[in-house]
Amino acid sequence: MYEIIIIGSGPSGLFAALNLVNNGKDSICIIDKNPFPSGGMLNDCKLNLSTEIGMDLGELRITKEKAKEYIDFIDKTFLFFGAPDEVYGSDEKLYKEWAERAKRNDVEFIPSLQRHIGTDLSKKIIKNFRNYLEEKNVKIRLSTEIVHIEKKDSQFFLKSSTGEEFFSKYLLLAPGRSGSSWLREISKKLKISYSNGKKIDVGIRLEMNKESYPITDVIYDPKFKMFSKYKNVLRTFCTNPKGRVTLERYDDFTLINGDALKMKKTENTNFALLDTIILTEPLTDPFVYGKLISIATNLLGNGKPIIQRIGDFLDEKRSKFETFFDKTRWFDRVKPTLQIGELVTPGDIRMAYPYKIVKELKEGLIRLNKIFGNTILKEENIIYAPEVKFYSISYQTTDELETNVKNIFVAGDGAGKSRGIVGAAISGLIASNGILKKG
Ligand SMILES: Cc1cc2nc3c(=O)[nH]c(=O)nc-3n(C[C@H](O)[C@H](O)[C@H](O)COP(=O)(O)OP(=O)(O)OC[C@H]3O[C@@H](n4cnc5c(N)ncnc54)[C@H](O)[C@@H]3O)c2cc1C
């Protein structure tokens, strides 16, 4: 029997545990189905240190000032566990210049302070984090998937896929984006109130020579935002200077993503251009919509994501194996960081994505191209699909993130409370403060 069980060892779960032990709690167990802790913190680990990115203050129900306090604590914690000192984006003059340049093309440039840790260095930080928690008596149970939760009198009874049983007084459910369907199923059984969202981000990932996106020398992950002609939001997301394009595998489909290492750099930079689609009646399940788009894209790629040269995309042609490195079109100038054939298939995203989305993405590319003096739409640049970001369903909670079921709290991306490492960590801190308040 534990006083508190946390499901999920991502940033929301880890920061919740940290706050609980630092405030005297000594009966805590973190359970994770993965064989290593940290959830998505292993991926690139860029810390967005601004309230405008990766979190929704309305959803977290906190003021900007309070969010800044949390961000400061989170950043200091990462530094304590070994994050690098360097911070990007503190040059205000430079921000102004880029903001003016963007504005001329009706694009907003969002300032953000960022600290980049990198997929390689994040391992060390997670190890230090884990050691700290274990030294304070937190039990971390890995390779343990919780499949059943039940309320028995005044405590919760949990069962793992191997039949192991756990009991606790409080539960913090923080299963991340990959666990959002699981959370929905558990919520149905426990009668936790939630509602489906309406939004989904569908986009592409661009990859180019690092020289084509020089802004990253001074701003690690520049955030541009604009409204399309159809009034949808288009925005740049998750830039990885000198990074790699990566795969994000789910049970039924594979998405595109990206990261960068601290110690080993590539010749390329990649970032996502996302189109936020808001579904209206009668379709109310954006998850299914996004999943179908992803499956269709994988189907055309023979079970893999699709890769396409910008030159082919603009000429309205599919990319093919035999012409992917066509020297006569300068295609040999950008070498993809994902292996063609093995991991991605040359194809045509226009076949996979709905017309309206393709049109909006093209509009976004054209406007970015204007800001960057024609380096975005170079023929040799590459686009990858599907890059889809699911918004989790929304849970009705108190200000402390307690659900309608007493003593069950939720936090992180899986519960729709955040959309990034820092936001997830904030939600973990809020929920754990809620548990602390109960005594
Ligand atoms: C490729 C990639 C790159 C990214 N790069 C960045 C970045 O640079 N900066 C940034 O801010 N964000 C980034 N993100 C997003 C970031 O990883 C997430 O926002 C963040 O990790 C969410 O934290 P979380 O605590 O909500 O969940 P997660 O970090 O996803 O952790 C949830 C954990 O719960 C566990 N779990 C789920 N269900 C169960 C179950 N039934 N039983 C036991 N355990 C379970 C999972 O195994 C997982 O470890 C990236 C994401 C990806 C995929």
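Which residue takes a positive phi in the hairpin of strand 12 and strand 13? In this predicted model, local features need pLDDT of at least 70 and side-chain atom pairs count only at pLDDT 80 or more, whereas totals for chains, interfaces and linings use all residues. Residues are numbered from 1 along each chain as its sequence is written, and side-chain values use heavy atoms, with hydrogens and water left out.

The residue in question is Lys231, whose phi is near 75°, and the hairpin has 5 residues between its strands. Strands (E, at least two residues) and helices (H or I, at least four) are DSSP runs numbered from the N terminus; two strands pair if DSSP finds at least two bridges between them. Strand 12 (residues 223-227) runs antiparallel to strand 13 (residues 233-240), to which 3 bridges join it. Strand 12 also pairs in the antiparallel sense with strand 4 (residues 108-110), over 3 bridges. Lys225 of strand 12 stands opposite Glu108, and its bridge partner in strand 13 is Arg235.

The ligand is surrounded by 33 residues, each with a heavy atom within 4 Å of it. Ser12, Asp32, Gly40, Asp413 and Ile421 are the closest. Polar contacts are pairs of N or O atoms within 3.5 Å; within protein, one atom must be able to donate a hydrogen and the other to accept it, and residues adjacent in sequence count only if both atoms are side-chain atoms. A polar side-chain atom of Ser12 lies 2.6 Å from a ligand oxygen atom, and a polar backbone atom of Ile421 is 2.8 Å from an oxygen atom of the ligand. The protein buries 91% of the 1000 Å² that the ligand exposes when taken alone (Shrake-Rupley method, 1.4 Å probe). Helix 1 (11-22), strand 15 (254-259) and helix 11 (421-437) each give two or more residues to the shell. Because both domain 1 (2-90 + 113-195 + 393-437) and domain 2 (199-390) give residues to this shell, the ligand lies between them; the domain bounds come from an automatic or database assignment.

Ser38, in the loop between strand 2 (28-31) and strand 3 (46-48), has a positive phi near 115°. Ser38 is buried, at a relative accessible area of 0% (buried, under 20%; exposed, over 50%; partly exposed, in between; 1.4 Å probe, protein chains only). Pro386, in strand 19 (residues 382-390), is joined to Ala385 by a cis peptide bond with omega about 5°.
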